[in-house]
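Q: I'd like to learn how to read a fold from its coordinates. Could you walk me through it, feature by feature?

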Amino acid sequence: MMDAVFQAPKRRPRVYEAYDAPFPVPLAAVDARLQQTLIYRADMVNQHVVVRDPEHIQALYGKGYFGKGILSRSRPDHSISHQWEKFGERVLPVISLFKYQKHLSWARDVLLAQGLEEEVVNQMLQRLSQPMEPELREENGNDDCPASPHRSEETGSGAGKPQDMASEQAGTGRQQGQASASWSPEDQGEQDSQCPQAKRPRSQGDGRFDPLSELYPQEPQQIDPAALATVRCPRHDDWLVDCGCRLEDSVLGTLTLQRDRQTEAGRQGADRGYEYVLVMEEENSVVKQGRAGPGTTLRRVCRVNPFRLLEYLQLTLEEAFFLVYALGCLSVYYNEEPLSVLQLWEMFRSVQPHFETSYMAYHYFRSRGWVPKPGVKYGTDLMLYRKGPPFYHASYSVVVEKVDQPCRGGALRPFSWRSLAALSRITGNVSKDLMLCYVIYPSHLTEEHLSSPDCLCRVKVQEIILSRWISSRERTETDDI
């Protein structure tokens, strides 16, 4: 048997996320005094553990990377659209007419399943899908200012980009701006009074490095410090808050739009529970018509989204029990009643076969600093990440096996030489190492002991790294020696 060769974790080439904490609990004494004790809430829905509160979702995933979004690949950041545009005082998502019709059909199916008559359902949806433009449009009597996105919607070009339009208007004076040595903040104030959306200097950086901060000390845009801390400087390859450089126009627009999206999400949540969207429709079109054809003039119509898709955080049973039992920061509810640790253990054992074995392996790796995630994509039980999936690729693919004290017993996943070689080849092709994790049960451990989580202190865990032996490589190494 050869000694295992441990490979360093492979770091992702581009990381734009700050490492917050390994667990969603205060680790320092100062944090414990400042932070109020918070027990996050999850619900047991159809044998799955789901977190619904947005703040709890961000805390559990941002600190420790527990769970995944039910509508996303990993991070729970699903949005109805990746394109958001200004509409009066609101920032609304833009969707196609085909997608809006799909949401209408989903809402119709849900209402019909509740026993309502088809005629009543059609009337409800017809009244709900009426345009909401008069209620949301911002009255602006200054025709010289290109800030309103409604003019761009009527012309059909540059819709939803008032910042770009303002930049174009300001760009007409760039030839004169080359001799702008006599510029003063008073002149800028007159320009801002004529068009508030016009482009103007900003002082996002430190005054020691940015001369514009002395000329114009007032900040036109308030940026969240937490969002600004995630931006890297392209010139110095460092965090922007550390190097003191000025924020670029494109990045500033992105951060401002993200802030407006969060504000709009909170506003829509308190506004009768409605979610407004901008639907891309043809001129003089009806919602019942089909997909827009090529070469047609599109306009954006504000309507109520009839079927909202809410993003939840789904925890595996092992992750949920670790948060409840090991960290004590989660409470799982079933039928609006909180479950105790013993009740949760018994429920998870009845839902998932061999839950105690898989949880012992999960608890073992979590306690050693790894971030275990489900490995079904690669045909294994777990994938081990250093710090978290945003920072490193998975280092190991883990297969969990249950054995007795002399390392015997029926395997949970019996391997043949063919299947083991295939799994080893798949793991090697994705630059990972195959690890066999043996959970060793003592001979005196009975079923009565397994009915309580106290049995965790009675078992042992042994790891074996499995690698392919390549004869040509072995001969080359022998010749070199």
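Predicted model: local features only at pLDDT ≥ 70, side-chain atom pairs only at ≥ 80, totals over all residues.

Q: Which residue forms a salt bridge with Glu-319?
A: The general idea is that a salt bridge is a side-chain nitrogen of Lys or Arg within 4 Å of a carboxyl oxygen of Asp or Glu. In this case the partner is Lys-373, with the closest N and O atoms 3.5 Å apart. The pair links distant parts of the chain, with Lys-373 in strand β13 and Glu-319 in helix α14 (residues 317-327), 54 residues apart. Lys-373 is buried too, with a relative accessible area of 11%. For the element names, helices (H or I, at least four residues) and strands (E, at least two) are DSSP runs, numbered from the N terminus.

Q: How many salt bridges does a search of the whole structure find?
A: The search finds nine. One of them joins Glu-281 to Arg-303, and their closest N and O atoms are 2.7 Å apart. This pair also links distant parts of the chain: Glu-281 is in strand β8 and Arg-303 in strand β9, 22 residues apart. Glu-281 is buried at 0% relative accessible area, and Arg-303 is buried at 6%.

Q: Which residues are linked with Asp-43 in a network of salt bridges?
A: Arg-41 and Glu-336 are linked with Asp-43 in that network. Between Asp-43 and Arg-41 the closest N and O atoms are 3.2 Å apart. Asp-43 is buried, with a relative accessible area of 11%, whereas Arg-41 is partly exposed at 29%.

Q: Now for sheets. What is the order of the strands in the open sheet of four?
A: Strands of a sheet pair through backbone hydrogen bonds, either parallel or antiparallel. Two strands count as paired if DSSP finds at least two bridges between them. The order here is β4-β5-β8-β9, with mixed pairing. At the edges are β4 (84-87) and β9 (298-304), each pairing on one side only. Neighbouring strands of this sheet are turned by 45 degrees against each other on average, direction ignored. For such angles, axes are lines fitted to C-alpha atoms, for helices over the stretch in contact, and angles run from 0 to 180 degrees between N-to-C directions.

Q: In what sense do β5 and β8 pair?
A: Strands β5 (residues 90-96) and β8 (residues 276-282) pair in the parallel sense over three bridges. For example, Val-94 has Leu-278 in β8 as its bridge partner. Helix α3 (residues 97-113) lies across β5, β8 and β9, and runs at about 90 degrees to β5.

Q: Which strands make up the open sheet of five?
A: The order is β13-β14-β15-β16-β17, again with mixed pairing. β13 (370-374) and β17 stand at the edges with a single partner strand each, so one side of each is left without a neighbour in the sheet. From one strand to the next, the twist averages 30 degrees. β15 and β16 pair in the parallel sense over eight bridges, and Tyr-396 has Asp-433 in β16 as its bridge partner.

Q: Which residues of α17 are buried?
A: Leu-420, Leu-423, Ser-424 and Thr-427 are buried in α17. Seen down the axis of α17, its buried residues fall within an arc of 100 degrees, so they line one face of the helix. That arc is taken from the directions from the helix axis to the C-beta atoms. On the other side of α17, Arg-418 and Asn-429 are exposed. What covers the buried residues includes β15 (396-403), β16 (433-440) and β17 (460-466), where contact means heavy atoms within 4.5 Å.

Q: Where does a positive phi turn up at a residue that is not a glycine?
A: One case is Asn-335, with a phi of about 55 degrees. Asn-335 is found in the loop between β11 (330-334) and β12 (337-338), and counts as exposed at 61% relative accessibility.

Technical notes
Residues numbered from 1 in each chain as written. Heavy atoms only, no water. Buried < 20%, exposed > 50% of the residue type's maximum accessible area, 1.4 Å probe, protein only.
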